[in-house]
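Hi everyone, thanks for coming. Have a look at the model on the screen, and I'll walk you through it.

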Amino acid sequence: MRSKLSFLILFFSALLQQAVAQDKVSVKFGSVSEKDFATKIYSIDSNANAVVIADVGSSQIEGNSKGGFSLAYKHYKRVHILNKNGYDIADVSIPLYSNGVDEEKLEKLRAITYNLEGGKVVETKLDVKNNVFKDKINKNLIVNKFTLPNVKEGSIIEFEYSITSDYLTNLQPWEFQGAYPRLWSEYNLSLPVFLGYVTLTQGYQQYDIKTTKSANQSFNILDTRGAGASERYNFTAEVSDGRWVMKNVPALKEESFTSTIDNHISKIEFQLSELRPPAFNYKRVMGSWDQVADELMKSEYFGLQVTKDNGWLKDIISPITKPTDSKTDKARKIFAYVRDNFTCTNRDRRTMDQTLKNLVKTKNGNVAEINLLLTAMLKYVDVTADPVILSTRSNGVTHSVYPLLNQYNYVVCKADIDDKTIYLDASEPNIGFDHLPLRCYNGHARVVNKEAQAIELSSNSITETKTTTIFLINDEKGNLTGSLQQTPGYYESLRLRDRIKEKGNEELQKEIKKAFGSEIVISNFAIDSLNKYDHELGIHYDFDIKDEKEDIIYLNPMFGEGYKENPFKSAERFYPVEMPFAMDETLNLQLEVPQGYTVDELPKSMIVKLNEEEDGMFEYRISQSGQNISLRSRIRFKRAYFLPEEYEILREFFNLIVKKQAEQIVFKKK
Amino acid sequence: MLKVTGLVFSFLVSSFSALAGEGDYAVSNISAAMLAKANVVKRMEQISFEVMSNGEAIMRKKYALTILNENGDRQAGFLEFYDKLHDIKNIEGALYDAAGKELKRLKNKQIIDLTGMVESTLIDDSRRKYHNFYHKVYPYTVQYEVEIKYYGTLFFPVWLPREDENFSVEQSSISIISPVNYTVRYKAFNYSGEPALTTDKDKKTQTWQIINLPAIEDEYASPSWYEMNTVVLFAPTDFSIESYRGNMTSWGEFGKFVYSLKQGRDQLPENVKEAVHRIADPIKDPAEKIARLYEYLQKNTRYISIQLGIGGWQPFDAKYVATKAYGDCKALTNYMYSILKEVGITSYYTLVKAGRNANKIITDFPSQQFNHVILSVPLQKDTIWLECTSQTKPAGYLGDFTCDRYALMVDEKGGALVRTPKYGLKQNLQSRRIKATLNAEATLSINAFSKYEGLQQDLYHELIHGLSKDKVKEFLHEELDFATYDISSFEYKENQSATPSVEERLDIVVSNYATITGKRLFIIPNVMTRTHRKLPAVEERKFDLELGFEYNDIDSVEINIPEGYMAESMPQPASVNSQFGKYTSSVKLSGNQLFYYRNLEHYGGRFSASDYPELVKFYEAIYKADRSKVVLVKTETQAPKGF
């Protein structure tokens, strides 16, 4: 009884302690003591190479001397490095943006490494003057880099800095999660009511603390830009202080069949929506999709180039199209022209960096420029065409409700011809008319026109269909001889085209020969539709099997086309499975029983369904009729996206496929 | 004799002017021989490299490339690196269509300036200038001209007219201009004859030129690039870089220069001296001392690459490393050198060309051919080699990054070439013992013990030191050659020595390892050591084969199979003997147990091009034997017949 009671008391006091101790971050810059080194293995992750003890950021708005407002960002981080594999966290990169005139400023940088030497804490400071290096990546991006000195196994490192930015659109986002586990991750944001930002959060972790308070803050703005005396504004405004804290956040691990890990990381980001400072004119920065699309269409760096009178396009268009061409033919010719004559040098850009006229001169440009040129040219010949903005798979999903332009990194073109909607991407070298690269199938996308219509480019909506047909008969000499015809899916065809362009047709043939080995001789190898980009390829060849006339012949009727490996390797899964497309793969085989042999054993036919809805189906039908054996093996997936709960059956499903497709036909000599 | 040289030269000059002017780049002028197998044709190239008397130099280069198809596009751009010791003065360019008509000229604002750094470097001063016309109507021709100022003469250019595979050359030349009393050294490969020499007052010019070099294609395991191409390497006699001077006429002299860069940079702070003595003084055996001090280095420093100006060649001093606890290969090697010096052990700063498949250095042409520094410590019996950038390697072991090659060992007296250790067939051993049980559902439970030695342990060393336990498990989950499997347990043990080894114990459950049909059971007895190597048959091999390190894999496998089966088809024992190695494998069934044995000895070294078909056969025979199946049938049961 007594022991039980004391246990209870202990339990409560532990709870209390926790509640008290864990409301505020327990560490601060510069105060590290011996006991901070005591933990060698953290319970959050016994395998961790380093543990982030605290990662705390804050952003607030301040008046500046340029007649406006600046963002003041502060970042503090403390890390316990447990072993050598955690040393990379001591290399720090701080990217700063510049538009060539105004530069973001890095200030108040301090960094210290602490080591426990002979029971005492020894500090080594970063020499900020000599050991912080600037790497100018390009004209808009300068990365400040440093590494902490005297880092050893067991070191604690700390750094803090501020960034002042005049770009109100660059309000720093916060990632609560990263490559190492974090014990305390916190972001504070203080925003005056006259600035509106939309907040977006994502991830699977819960906030431990999430609060908002209101307070008053005074703002001082100085304007020294004019020729006369500088002007000064002072005012007080209500600010709202938001605070988000996550504790004990595990490290993030990337798994296969994930579009991007960024879709799953716990983070919070902001997009400027309204500017309405007192004494200044109210300005709505972010409106509805209609307004945003309208502004985009009027923007010099986007729609204006498409909608204005582009009379100069005549010189380009008239040599490639005939006035008598149908609209579809015109569109096809213009699309092929843009695709074949321009090189895309940046596939991660939503706005133009040069005019269309300049693009035509330099012959290279970003994806927005190339597809806006396509749009402008289509409009010029009276084809209804509009730009579409989207976020590629590797860039993460977008929110259809908010027009958060920063999330969009890609532009394609939508054309409507004879009641048919067609999507075009002229930035991709080998792609066909009315096909988009796989990277574009990432859910919500937005047409930039008056209606600002939302469209859904879902990977579930594309089906990769592959068909293989094999015939095998006995020739006069009693050897098996046959032919294979294969139509790979569209995206496999695209990949093969890219490879053939790079390595040549012979290389592909060599690889097929290599796979078969010297016992199967391949002849009459040919690939059809190599330059018909709208269509799948056709691959066909004949083959002869060198016969060894053994007493028993074991033959796998899949002829190397089956799955030999389960694509789902790991035993468990934490995120949804994002396959690039749905699929439908069929192999048909007609086989004559080798002369002088009889069938001793045939695999059994089977049909497996992934679930009741038949979202996945595997069919293996084999039968013998007289001297002929026919096989049909088909795998079909109706969708590409699967929940983590479905992972186990998905893995088991492929396990069955691999098993079945490994089975052999056994022939015995008569 | 003189007359002849003069004649040749005047011919060259006139041909240059014809090609180098607003020449005719019409594609119709290219001969069929130059078009064969080519994506790119170099129409002309004229390089001049002028050595000034004060240790500066200027390189002027003009060249024109005809791009025949899309695969040539990657050669069409202009790219030059620059840094504190190299300045790009001027870039010009023009684009021509297939008829040779000029379409466009380069405008300076179109040149892009970017960082030249690689990911693994914290900071260096390398930057790039890039331009491309992005023309897509084939064929087309680009012409570029550039002038680069060299501050410092440690490096001279390399003349390599044929820059890539599927790349032919109509004409290329290089002229080396120097004061008459200054000798530029050179080493030519696949170039017949001597350079043309002219003298004009106080300057002399030597010119090499080549015409009509057809395109070649890359081959598997081909030898060093200079064996397959016309190449001339150049190097200085006397040279200078920043305030340092040197001479490169012998390895001895070059070694002196390298030593001068690090001279006097070996002062350790007092606390490090004390620590070093505390470790070393109680130990008698010098090898043990070195090992313990190497551990101290590994524990107290890490690799960080900072290369700025002369810092690309000169190590940070020992004090810097002691306070920052980091450095690059030069700094860390010099630091270890200083530590050993403090306890009276002599060691040598040693330059090496590192890389798993790095080209061999040219031993009879003293020049800066190195990219890495290691430390050698000669003892009475043998030499201990230390890779000072590694935090995990055992003292004395180099691995395939630096083993088995010539290296330049330096001290105050100069430099000398030495050979780093080679690991042979018996040292690079992988031995594996497997005990496994197959159940009636065709699931195989495997217990595998593998020991990796020598160069075969390099991967596993990286695995256990570079990845957390979770990640190792992930690796094993992805990398093993089974269709569907789970790792139920894994364990690694490392034996650190001069030829280290790693022991691995795995428990794996493989679903459907065997195929069980109505009455038959198919199983591959080679469970875990199946090679994937297959080579394409090639009609005509041009160049010799250069195979990597030699190794030996030994496997023994024991599989318990379900009761009631007998052999229907057993693979015949395989035995392949070739100059590339020996392979044997055999399997037998005894009761309900399968016993499999496999031994592969794979030799390394150089083989003649005509032996290539034999290598294809060797690999194919192994590939096939590794996958041969045992077929078992159910022994006749007393099942009632006649149904």
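Let me start with a term: domain bounds here come from an automatic or database domain assignment. For chain B, that assignment gives domain 1 (2-215), domain 2 (245-419) and domain 3 (429-634).

Two bits of housekeeping. This is a predicted model, where local features need pLDDT of at least 70 and side-chain atom pairs count only at pLDDT 80 or more, while totals for chains, interfaces and linings use all residues. Residues are numbered from 1 along each chain as its sequence is written, and chains are lettered from A and ligands numbered from 1 in the order in which they are written.

Back to chain B. The C-alpha centres of its domain 1 and domain 2 are 37 Å apart. Their contact takes 11 residues from domain 1 of chain B and 9 residues from domain 2 of chain B; two residues are in contact if their C-beta atoms, placed from the backbone, lie within 7 Å. What classes of residue are on the side of domain 1 of chain B that touches domain 2 of chain B? That side has 5 nonpolar, 2 polar and 4 charged residues. Here Ala, Val, Leu, Ile, Met, Phe, Trp, Tyr, Cys and Pro count as nonpolar, Asp, Glu, Lys and Arg as charged, and the others, Gly among them, as polar.

Now let's zoom in on two helices. Helices (H or I, at least four residues) and strands (E, at least two) are DSSP runs, numbered from the N terminus. In chain B, helix 6 (residues 286-300) packs against helix 8 (residues 329-342) at an angle of about 135°, and their axes are 11 Å apart. That makes helix 6 of chain B oblique to helix 8 of chain B. As for the terms, axes are lines fitted to C-alpha atoms, for helices over the stretch in contact, and angles run from 0 to 180 degrees between N-to-C directions. Angles under 35 degrees count as roughly parallel, over 145 as roughly antiparallel, 65 to 115 as roughly perpendicular and the rest as oblique.

Which residues meet there? From helix 6 of chain B we have Ile290(B), Leu293(B) and Leu297(B), and they meet Tyr335(B), Met336(B), Ile339(B) and Leu340(B) of helix 8 of chain B. By class, this contact of helix 6 with helix 8 of chain B has 7 nonpolar, no polar and no charged residues.

Next, a sheet in chain B. Its 3 strands form an open sheet in the order 3-8-6, with antiparallel pairing; two strands pair if DSSP finds at least two bridges between them. Strand 3 (78-82) and strand 6 (112-115) of chain B are the edge strands, each pairing on one side only. Strand 6 of chain B pairs with strand 8 (residues 127-131) of chain B over 4 bridges, and Ile112(B) stands opposite Tyr130(B) in strand 8.

Most residues other than glycine have a negative phi, and most peptide bonds are trans. Tyr138(B) and Pro139(B), however, are joined by a cis peptide bond, with omega about -10°. Ala325(B) has a positive phi, near 65°, and lies in the loop between helix 7 (318-324) and strand 20 (326-327) of chain B.

Finally, how many residues of each chain are in contact with the other? They are 46 residues of chain A and 47 residues of chain B. On the side of chain A that touches chain B, strand 6 of chain A gives the most, with 5 residues.
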